[in-house]
Number of protein chains: 2
Amino acid sequence: MTAFTLASWNINSVRLRAPLVADWVSQADPDVLCLQEIKCQNEQFPEEAFREMGFRHFHVRGQKGMHGVAIASKFPLEDLGDEDLCPRAEARHQRVMVEGIELHNFYIPAGGDEPDPAINPRFAHKLGFLDRIEAYFKARAAENPPLVLVGDFNIAPYEHDVWSHKQLLKVVSHTPVETEALERIRQAGDFADVARELIPMDEKVYSWWSYRARDWKKANRGRRLDHIWAAPAVRERALAGGRDAFRIWEDVRGWEKPSDHAPVVLRIGG
Amino acid sequence: MTAFTLASWNINSVRLRAPLVADWVSQADPDVLCLQEIKCQNEQFPEEAFREMGFRHFHVRGQKGMHGVAIASKFPLEDLGDEDLCPRAEARHQRVMVEGIELHNFYIPAGGDEPDPAINPRFAHKLGFLDRIEAYFKARAAENPPLVLVGDFNIAPYEHDVWSHKQLLKVVSHTPVETEALERIRQAGDFADVARELIPMDEKVYSWWSYRARDWKKANRGRRLDHIWAAPAVRERALAGGRDAFRIWEDVRGWEKPSDHAPVVLRIGG
DNA sequence: GTCCTTGAAG
DNA sequence: CTTCAAGGAC
């Protein structure tokens, strides 16, 4: 088990942003990079560009047009087979073994605008997906597996994970029905929410800022949608580096032609 | 009447290619630049970018989505009012006075695939437009006006204006019904086809290469679709500079993200 | 191939 | 605001 740097980034089209990723990788030097919303088919993944960044191992689960996840790694990846946690098989989840860790990469549905599953099928899909994730990790908890879950969960769970708790309680991503479902998953696997283990609960932390805001930085109406969670079996490795081992690269949101998400990074101990 | 450099370029989206135009203008330094297929509404024309290129005078006739023509000039333009030569008012024609010349900028319809007006309304539209142009300049011939006509005529009139005369006789842009209609317009105003006045008739001359060709340069299946015509009253000014005063910038077709048309330039005498 | 529009999705 | 997908045009 060597130490390594794990990153998660909703890239919002990996083909369009391979050069942006290269820029960032040259600064952040992640060993294992989990991407969401790659928005391409497997064969369209720009593997060559990633090879030039130093990645040699890939696990891509894409589809045409929407969604899609991928892992690029400098360490070998062991394919564990797909569990198909997404009820609709929309290329929203993948898992691999890497350096003794069972790594799950998620792109949980955004869920549409209306936070009512009775009238919004997208929201119902999101909640159904969350239920399935909970059942899956509940069923596996007895094994005490070395799980790390990362990705764009599309939920900002805590008060200071959004710019205004009060104003967002009825906005999809921060409604009680979502944050409670996410908390049930967390408890099902006894996962540590790494960011909140390392950063005080009353400190604002965001990883996403809407494209729609005129000045994302000035308005700073962000949300923490991107997460890294560690199961008890890897809790120590995940938290070993302390506060300095964790970083959300907020500045990247201000780069040329950015994703609306910032990359989230954790140095994991050996 | 000062001498000036006149250019015509089908730019295939002026918003997308304003940087390309700036690159080219910095090399070619045209005084009056006639554009076709600007593909934007008047208020969307990137005037600021053109001001930075040194143009101070504009006459834009655009519409949403398709077609559209524009003139950017370093010399004052006098608006002559629109004649609406296009039967459908599709922003395919404009005219101005500049340095003693009545300048007409045309984007004649491509005409679709099938060269039969009975079954192809696009082709019928093209022929109808040509008829109207002929009637217009016939009616004005007696004035002996100082006319210069430029633009994308979407017709390659002569044998060596296409890569294969024989193979293109049934291809829209080089069919006899089109080349004859264009010749009637030419004769109606006794226009000089500047390129062919200066370049021998048996020399291949192209201004357009399809995007569809794998290697436009190697295949070199071009067509001369872009023209500069001078009426008798300005014939001497137009031809004063001789062969060196005329240039089609073929290389520009090979630049990054090019238009499928190359810019055509004529130095006009004072 | 490349562009524009529309509509869905975020 | 930004992405992708159709469909139409060239």
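Q: Leaving aside neighbours within four places in sequence, which residues is Phe45(B) in contact with?
A: Contact means heavy atoms within 4.5 Å. On that basis Phe45(B) is in contact with Val14(B), Leu35(B), Ile38(B), Cys40(B), Phe50(B), Phe58(B), Val60(B) and Ala70(B), once neighbours within four places in sequence are set aside. This is a predicted model, where local features need pLDDT of at least 70 and side-chain atom pairs count only at pLDDT 80 or more, while totals for chains, interfaces and linings use all residues. Residues are numbered from 1 along each chain as its sequence is written, chains are lettered from A and ligands numbered from 1 in the order in which they are written, and side-chain values use heavy atoms, with hydrogens and water left out.

Q: Is Phe45(B) buried or exposed?
A: Buried means under 20% relative accessible area, exposed over 50%, and partly exposed in between (1.4 Å probe, protein chains only). Phe45(B) has a relative accessible area of 7%, so it is buried. Its place is the loop between β2 (32-36) and α2 (47-52) of chain B. Tyr206(B) is 161 residues from Phe45(B) in sequence, and the two C-alpha atoms are 28 Å apart.

Q: Where is Pro76(B) found, and is it buried or exposed?
A: Pro76(B) sits in the loop between β4 (69-73) and β5 (78-79) of chain B. Its relative accessible area is 52%, so Pro76(B) is exposed. Beyond its neighbours within four places in sequence, Pro76(B) is in contact with His57(B), Met97(B) and Val98(B). Glu159(B) is 83 residues away from Pro76(B) along the chain, with 38 Å between the C-alpha atoms.

Q: Which residues have the most contacts inside the largest nonpolar core?
A: A nonpolar core is a set of buried Ala, Val, Leu, Ile, Met, Phe, Trp, Tyr and Cys residues joined through side-chain atoms within 4.5 Å. The largest one has 32 residues, and Leu6(A), Leu103(A), Val194(A) and Phe246(A) have the most contacts inside it. Apart from it lies another core, of 31 residues, including Cys34(B), Trp209(B), Ile228(B) and Ile268(B).

Q: What does Phe246(A) touch, not counting residues up to four places away in sequence?
A: Phe246(A) touches Val194(A), Ala195(A), Leu198(A), Ile199(A), Val264(A), Val265(A) and Leu266(A).

Q: How many of the 270 residues in chain A are buried, as a percentage?
A: Buried residues are 57% of the 270 in chain A. For contacts between residues at least 6 apart in sequence, 68% join residues at least 24 apart. The C-alpha trace of chain A spans about 45 × 45 × 40 Å along its principal axes.

Q: How many positive and negative side chains does chain A have?
A: Lys and Arg count as positive, Asp and Glu as negative; His and the chain ends are left out. Each charge is placed at NZ of Lys, CZ of Arg, CG of Asp or CD of Glu. Chain A has 36 positive and 41 negative side chains, with the centres of the two sets 5 Å apart.

Q: What is the phi of Lys257(A), and what is that of Asn220(B)?
A: Most residues other than glycine have a negative phi. Lys257(A), which is not a glycine, has a positive phi of about 50 degrees. It lies in the loop between β13 (246-248) and β14 (264-268) of chain A. With 68% relative accessibility, Lys257(A) counts as exposed. Asn220(B) also has a positive phi, near 50 degrees, and is found in the loop between α7 (216-219) and β11 (222-223) of chain B. Asn220(B) counts as partly exposed, because its relative accessibility is 33%.

Note on methods. Helix = DSSP H or I, 4+ residues; strand = E, 2+ residues; numbered from the N terminus.
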